[in-house]
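Q: Hi! Could you walk me through this model?
A: Happy to, here it is.

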Amino acid sequence: MNINYKTPEELKLLTDKSRPETNALLKKLKKKKPKRLDDVVHSLHYEAFDNFDCLDCANCCKTIGPRLIDKDIERLAKHLKMKVADFMDQYIRTDEDGDFVFNADPCPFLLPDNYCMVYESRPKACREYPHTDRKRFYQILDLSHKNCETCPIVLEVLEELKKENF
């Protein structure tokens, strides 16, 4: 599997172009919930990460913000040696769904070289992104399809899934 960096604009075009085919696959997978889906996706995940360096991309950090849970906020505030209230005032807003998110895109902790200033203390959502190694992958098929517009790895994993016989 050879994965190259693509801009979010390029990923959106590719995702839109393959949308009917991908939607058909996702519908089939939701209905069947194949027992081997997780094994196949996890194998594709590890192969993809062997061939792609997120530091060459950082689309996720540049364009989408993680949902922050209380533990994330506490951990980040401690990492930055700030009081939680001060951290929230400086970095956090509540989105339209009532979730805590960073108040800016790109992420306020993304450095110019795509490294994360708070990597060891990064939010849970950042640690788990792009979720292609998650159990019960069939539960996040729609989210994964949306993530194709941000992450070249997710796009490639879903494209490779189309080649499987489910």
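Q: Let's start with L111. Where is L111 found?
A: L111 sits in the loop between β2 (100-102) and α7 (124-128). Helices (H or I, at least four residues) and strands (E, at least two) are DSSP runs, numbered from the N terminus.

Q: Before we go on, what kind of model is this, and how are residues numbered?
A: This is a predicted model, where local features need pLDDT of at least 70 and side-chain atom pairs count only at pLDDT 80 or more, while totals for chains, interfaces and linings use all residues. Residues are numbered from 1 along each chain as its sequence is written, and side-chain values use heavy atoms, with hydrogens and water left out.

Q: Which residues make the nonpolar surface patch with L111?
A: Y115 and M117 make the patch together with L111, and its area is about 270 Å². Patches are made of residues with over 30% relative accessible area and no salt bridge; like charges are joined within 9 Å, and nonpolar side chains (Val, Leu, Ile, Met, Phe, Trp, Tyr) within 5 Å. The accessible areas come from the Shrake-Rupley method with a 1.4 Å probe, and for residues only the protein chains shown count as cover.

Q: What about K33?
A: K33 is not a glycine either, yet its phi is positive, about 45°. You'll find K33 in the loop between α2 (19-32) and α3. With 47% relative accessibility, K33 counts as partly exposed.

Q: Changing topic: how is the chain split into domains?
A: The assignment gives domain 1 (8-53 + 131-163) and domain 2 (67-128). Those bounds come from an automatic or database domain assignment. The C-alpha centres of domain 1 and domain 2 lie 27 Å apart.

Q: Now pockets. How much space lies in the largest pocket?
A: About 1200 Å³. On a 1 Å grid over the protein atoms alone, a pocket is an open set of points with protein on both sides within 12 Å along at least five of seven lines, and lining residues have an atom within 4 Å of a point. Grid points are joined across faces, edges and corners, and a volume is the space filled by probe spheres set on the points.

Q: What lines the largest pocket?
A: Its lining has 49 residues, and C60, A125, C126, R127 and Y129 lie nearest the centre. The elements giving two or more residues are α3 (37-50), α4 (59-63), β2 and α7. Of these, α7 gives the most, with five residues.

Q: Last topic, salt bridges. How many are there?
A: The structure holds eleven. A salt bridge is a side-chain nitrogen of Lys or Arg within 4 Å of a carboxyl oxygen of Asp or Glu.

Q: Which residues are linked in a network?
A: K12, D16, R19, K146 and E149 are linked by salt bridges. D16 and K12 meet at 2.9 Å, N to O, and both lie in helix α1 (residues 8-17), four residues apart, about one turn of the helix. K146 and E149 pair with their closest N and O atoms 3.1 Å apart. K146 is exposed, at 52% relative accessible area, whereas E149 is buried, at 13%.

Q: Where does E21 come in?
A: E21 forms a salt bridge with K162, the closest N and O atoms being 3.5 Å apart. This pair links distant parts of the chain: E21 is in helix α2 and K162 in the segment after α9 (152-161), 141 residues apart. E21 counts as partly exposed at 49% relative accessibility, and K162 counts as buried at 18%.

Notes
On a 1 Å grid over the protein atoms alone, a cavity is a set of points where a 1.4 Å probe fits but cannot get out, and a pocket is an open set with protein on both sides within 12 Å along at least five of seven lines; lining residues have an atom within 4 Å of a point. Buried means under 20% relative accessible area, exposed over 50%, partly exposed in between (1.4 Å probe, protein chains only).
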